[in-house]
Amino acid sequence: MSQTPRRALVIVDVQNEYESGGLRIAYPPVQDSLRNIGRAMDAALAAGIPVIVVQQMAPGDAPLFAEGSRGWRLHDIVASRPREHYVPKKLPSAFAGTDLRDWLAQHDIDTLTVVGYMTHNCDDTTIKHAFDAGLQVEFLMDASGSVPYANRAGFASAEEIHRVFAVVEQSRYAAVLTTDAWLACLASGTLPERDTIHASHQRALTLLSNRKAVGS
């Protein structure tokens, strides 16, 4: 990748379903993440970074994201702001069955900044799809969010899901940072810190060893 990234800001599924519908974001607080999504969009516009808006589509009788329903509509914080490209999708990844990869290639984009919902679902699959395609990825962890789950495998809170997925993304797939930190990178021209699986694992072993020593 060149020293100066050719970024695009990808807004993933910022739809009413996640604020007032059947999948209300629980962590971080949805109003906080929505505010940061708006800040990221405004900063991208000011910096000449193209904004790509992705929207989840489902049949009209689906329980979530039914096309034409209020929950399916883009949240006003996104709908009211300019965008350069629109990507409707039916699968979790913004790349699957869409023109996103071709559009990025046509515009010489080498870095995606991903925001939106949900951290562990469409954000994660989009990030990993981009990584496998050879793109650099940035993930704004306070401009995204998760919901809690309970099923045969167990229970996980929204905070646990969001935190664990953010840690995993930072281990290899994306530079994970806050919106404030991303804005600072834009202003200074510096690149966000990236990491490796090996280094992340070694730090975890050190932390576990230190905790064991303190507890003994």
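These are my notebook entries on a predicted model, taken one topic at a time.

**Entry 1: the sheet**

I began with the strands. I found 6 of them in an open sheet with parallel pairing, and I read the order as β3-β2-β1-β4-β5-β8. Next I looked at the edges: β3 (85-89) and β8 (175-177) each have a single partner strand, so one side of each is left without a neighbour in the sheet.

How many bridges join β5 to β8? I counted 3, with β5 spanning residues 136-145 and the two strands running parallel. One pair I noted by name is phenylalanine 139, whose bridge partner in β8 is valine 176.

**Entry 2: helices on the sheet**

Helix α5 (residues 119-132) packs on the sheet, where I see it touching β1, β2, β3, β4 and β5. Its direction makes about 170° with that of β5. Helix α2 (residues 30-47) lies across β1 (7-12), β2 (51-56), β4 (111-117) and β5, and runs at about 140° to β5.

**Entry 3: α5 against α6**

I turned to helix α6 (residues 158-173), which packs with α5 at an angle of about 5°, the axes being 11 Å apart. With angles under 35 degrees counting as roughly parallel, α5 and α6 are therefore roughly parallel to each other. Which residues of α5 meet α6? On the α5 side I listed Thr119, His120, Asp124, Ile127, Lys128 and Phe131; they meet Ile161, His162, Phe165, Glu169, Arg172 and Tyr173 in α6. By class, I get 5 nonpolar, 3 polar and 4 charged residues in this contact.

**Entry 4: the largest pocket**

I looked for open space next. The largest pocket holds about 190 Å³, and 15 residues line it. Nearest its centre I found Thr4, Pro5, Arg7, Ile49 and Leu186. The lining has 8 nonpolar, 5 polar and 2 charged residues.

Where do the exceptions sit? The bond from tyrosine 27 to proline 28 is cis, with omega near -15°, and proline 28 falls in the loop between α1 (17-20) and α2. Another cis bond joins tyrosine 117 and methionine 118, with omega about -10°; methionine 118 belongs to the loop between β4 and α5. Finally, phenylalanine 65 has a positive phi of about 60° although it is not a glycine, and I placed phenylalanine 65 in the loop between β2 and α3 (76-79).

Conventions:
Residues are numbered from 1 along each chain as its sequence is written. This is a predicted model: local features need pLDDT of at least 70, side-chain atom pairs count only at pLDDT 80 or more; totals for chains, interfaces and linings use all residues. Side-chain values use heavy atoms; hydrogens and water are left out. Two strands pair if DSSP finds at least two bridges between them. Helices (H or I, at least four residues) and strands (E, at least two) are DSSP runs, numbered from the N terminus. Contact means heavy atoms within 4.5 Å. Axes are lines fitted to C-alpha atoms, for helices over the stretch in contact, and angles run from 0 to 180 degrees between N-to-C directions. Angles under 35 degrees count as roughly parallel, over 145 as roughly antiparallel, 65 to 115 as roughly perpendicular and the rest as oblique. Ala, Val, Leu, Ile, Met, Phe, Trp, Tyr, Cys and Pro count as nonpolar, Asp, Glu, Lys and Arg as charged, and the others, Gly among them, as polar. On a 1 Å grid over the protein atoms alone, a cavity is a set of points where a 1.4 Å probe fits but cannot get out, and a pocket is an open set with protein on both sides within 12 Å along at least five of seven lines; lining residues have an atom within 4 Å of a point. Grid points are joined across faces, edges and corners, and a volume is the space filled by probe spheres set on the points.
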